[in-house]
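I opened a notebook for this structure and wrote down what I looked up, entry by entry.

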Protein chains: 2
Amino acid sequence: MAPTAAPTKLQLVQSNSLPALVQVEIEQLILSGELAAGERINESDLAMRFGTSRGPVREALRGLEESRLVRSEKNRGVFVREVSVAEADEIYDVREALDQLIGQRVAERATPQQLRDLEAVLDEMDRATAVQDVKAYHALNLRFHDMLVDFAGNARLTESYRLLTKGLLLYRLRGLQNGGGLPVSNTEHKAVVAAIAAHDGVRAGRLLRQHAAASRARMHKAAAAAKPK
Amino acid sequence: MAPTAAPTKLQLVQSNSLPALVQVEIEQLILSGELAAGERINESDLAMRFGTSRGPVREALRGLEESRLVRSEKNRGVFVREVSVAEADEIYDVREALDQLIGQRVAERATPQQLRDLEAVLDEMDRATAVQDVKAYHALNLRFHDMLVDFAGNARLTESYRLLTKGLLLYRLRGLQNGGGLPVSNTEHKAVVAAIAAHDGVRAGRLLRQHAAASRARMHKAAAAAKPK
DNA sequence: AAACAATTTATTGTCGACAATCAGCAATCG
DNA sequence: CGATTGCTGATTGTCGACAATAAATTGTTT
């Protein structure tokens with residue numbers, strides 16, 4: 001396997017081209033919420049900010065458009081995408097199917113070391129739950145699911161899954177981030193990991209799918225609470 | 001609803017920007033095999049060909065890179081992607097999961113009109129099989145699965161699925177397109193449509209997944225036959 | 001003749017400039 | 001007074017030119 005340990009920034013600049021660098025930078029801006037959903041993106045401003053000309057920025061935006069993080073209107077500019085509840089619902093539909101596949105594959109292939117890594121994250125999440133640190137829990141949750149899809153050992157699956165979850169992330173940023181549900185969420189995680197440890201692919205797949213479905217239900221609940229209408 | 005009937009060319013030029021147009025054009029070049037897998041793409045040549053400067057071409061290539069149809073090496077250029085058997089295998093793994101979801105959803109939502117459309121394509125495929133027109137069958141097969149994912153009524157699912165199948169298309173172009181198996185393939189199609197007509201989501205999902213698995217097996221068989229070693 | 005070094009050529013990467021287009025406002029006319 | 005028309009500033013779309021890099025070629029030396 002390639003040395004995935006810690007690619008230095010120098011290596012990044014040498015291997016990746018400038019537009020690629022700018023693309024991940026803008027992506028961070030969007031995912032962190034600094035560029036709000038729906039907001040229009042000014043090419044010149046970004047170019048200034050990164051110390052480049054508008055060319056690389058435009059190329060980066062085209063990449064982000066393809067990954068559906070922005071949408072582009074001719075002669076009007078590119079906008080940070082807004083993900084509606086309906087669209088998030090669609091994403092969850094696909095995600096549930098993929099999560100089932102992920103659970104199954106991970107249960108079949110997980111090494112003892114990978115299992116230990118998963119359990120370590122689980123512990124950290126327990127600690128975050130104890131102190132009600134929602135932000136930390138959220139980050140750990142992302143990391144947990146990221147590890148799972150990685151351990152499934154299918155690059156295309158990883159790619160599809162990441163693309164999907166990015167869209168979900170965009171929705172979550174709309175402010176209606178749920179409050180409760182952390183303990184129950186982690187309980188579900190533990191059940192999944194237990195099935196993986198038992199190398200029970202069918203059960204792990206089913207549980208991970210159910211976890212996604214529960215997550216979707218929590219989203220709906222939060223949305224309904226935020227907008228009683 | 002907007003007039004989706006027949007978008008005139010004028011509307012297309014007005015709504016879509018030049019880089020987007022160039023992108024689909026290059027995509028056609030790749031999918032048709034005019035730009036062979038592994039081949040290096042010359043920006044200036046393409047720009048000349050489309051009568052634009054290199055800017056729009058570069059933007060289009062960045063989009064194609066994001067959709068994994070090309071890969072890009074810094075200071076060396078962009079290359080049409082080659083999809084190995086292993087990678088095609090990975091894609092099929094994901095595709096099977098999505099196909100199951102597609103079958104289920106279509107069985108739940110399909111309208112009588114949509115069912116008739118599907119059956120019409122089935123008939124055409126029968127006719128293509130009768131005269132051993134592999135090329136026509138291939139095109140119809142793509143159309144059939146395209147219709148299915150559309151009828152599932154989930155835009156994100158469509159998007160993910162199309163992205164995946166494009167990769168598969170790229171593999172098929174490597175020449176080892178199977179010869180036989182057309183009749184059996186269409187028999188599978190018919191079983192799927194029958195389940196859809198019965199609005200039996202579970203069965204349709206299972207059958208469509210099995211169809212994808214069988215298709216994968218046929219690919220392996222063809223690959224083994226082409227390269228016995 | 002083979003291996004290495006220097007040079008040339010082709011191609012990509014980046015930039016600044018100009019043209020095209022749009023949103024907003026002001027002036028005009030009914 | 002409202003609507004329409006014509007400016008105006010800002011922003012995007014596109015281009016041609018130049019710099020940086022890699023590949024190919026040639027020349028040189030042993």
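**Entry: helix over the sheet, chain A.** I started with helix α4 of chain A, residues 54-66, in this predicted model. Helix α4(A) lies across β1, β2 and β3 of chain A. I noted its direction against β2(A), which is about 115°.

**Entry: the sheet in chain A.** Next I looked up the strands under that helix's entry. They form an open sheet of three strands, in the order β1-β3-β2 (chain A), and the pairing is antiparallel. At the edges I found β1 (40-41) and β2 (70-73) of chain A, each of which pairs on one side only.

**Entry: bridges in chain A.** I went through the two pairings in turn. How many bridges join β2(A) to β3 of chain A? I found four, with β3 covering residues 77-80 and the two strands running antiparallel. In this pairing A:V70 has A:V80 of β3(A) as its bridge partner, and A:R71 has A:F79 of β3(A). For β1(A) and β3(A) I found two bridges, again in the antiparallel sense. There A:I41 stands opposite A:V78 of β3(A).

**Entry: the hairpin.** I then checked the turn of the hairpin made by β2(A) and β3(A), where three residues lie between the strands. A:N75 in this hairpin has a positive phi, near 65°. For reference, most residues other than glycine have a negative phi.

Entry: I repeated the look-up in chain B. The record of strands reads as an open sheet of three, ordered β1-β3-β2 (chain B), with antiparallel pairing. Its edges are β1 (40-41) and β2 (70-73) of chain B; each has a single partner strand, so one side of each has no neighbour in the sheet. β1(B) and β3 of chain B, residues 77-80, pair in the antiparallel sense over two bridges. I found B:I41 opposite B:V78 of β3(B). Helix α4 of chain B, residues 54-66, lies across β1, β2 and β3 of chain B and runs at about 115° to β2(B).

**Entry: two helices in chain A.** I moved on to helix packing. Helix α2 (residues 18-31) and helix α3 (residues 43-50) of chain A pack at about 110°, and their axes are 12 Å apart. The angle makes α2(A) roughly perpendicular to α3(A). I noted the crossing of α2(A) and α3(A) as right-handed. Which residues make the contact of these helices? From α2(A) I listed A:V22, A:E25, A:I26 and A:L29, and from α3(A) I listed A:L46, A:R49 and A:F50. By class, the contact of α2(A) with α3(A) has five nonpolar residues, two charged and no polar ones.

**Entry: two helices in chain B.** I took α6 of chain B, residues 112-130, together with α9(B). Their axes come within 10 Å and cross at roughly 165°, which makes α6(B) roughly antiparallel to α9(B). The crossing of α6(B) and α9(B) is left-handed. On the side of α6(B) I listed B:L115, B:L118, B:E119, B:L122, B:M125, B:D126 and B:T129. They meet B:L182, B:P183, B:N186, B:H189, B:K190, B:V193, B:I196 and B:A197 of α9(B). The residues of this contact of α6(B) with α9(B) divide into nine nonpolar, three polar and three charged.

Entry: I picked A:A88, which is found in helix α5 of chain A, residues 85-109. Is A:A88 buried or exposed? It is buried, because its relative accessible area is 0%, and the cut-off for buried is under 20%. Leaving aside neighbours within four places in sequence, I found A:A88 in contact with A:V83, A:L168, A:Y171 and A:M219. A:L168 is 80 residues away from A:A88 along the chain, yet their C-alpha atoms are separated by 6.1 Å.

**Entry: histidine 199, both chains.** Last, I looked up A:H199, which sits in the loop between α9 (182-197) and α10 (201-226) of chain A. Its phi is positive, near 55°, and A:H199 is not a glycine. A:H199 counts as partly exposed because its relative accessibility is 46%. In chain B, B:H199 lies in the loop between α9 (182-197) and α10 (201-226). B:H199 has a positive phi of about 55° and, at 47% relative accessibility, counts as partly exposed.

Terms used:
Residues are numbered from 1 along each chain as its sequence is written. Chains are lettered from A and ligands numbered from 1 in the order in which they are written. This is a predicted model: local features need pLDDT of at least 70, side-chain atom pairs count only at pLDDT 80 or more; totals for chains, interfaces and linings use all residues. Side-chain values use heavy atoms; hydrogens and water are left out. Two strands pair if DSSP finds at least two bridges between them. Contact means heavy atoms within 4.5 Å. Axes are lines fitted to C-alpha atoms, for helices over the stretch in contact, and angles run from 0 to 180 degrees between N-to-C directions. Angles under 35 degrees count as roughly parallel, over 145 as roughly antiparallel, 65 to 115 as roughly perpendicular and the rest as oblique. A crossing is left-handed if the near helix is turned anticlockwise from the far one by less than a right angle, and right-handed if clockwise. Ala, Val, Leu, Ile, Met, Phe, Trp, Tyr, Cys and Pro count as nonpolar, Asp, Glu, Lys and Arg as charged, and the others, Gly among them, as polar. Buried means under 20% relative accessible area, exposed over 50%, partly exposed in between (1.4 Å probe, protein chains only).
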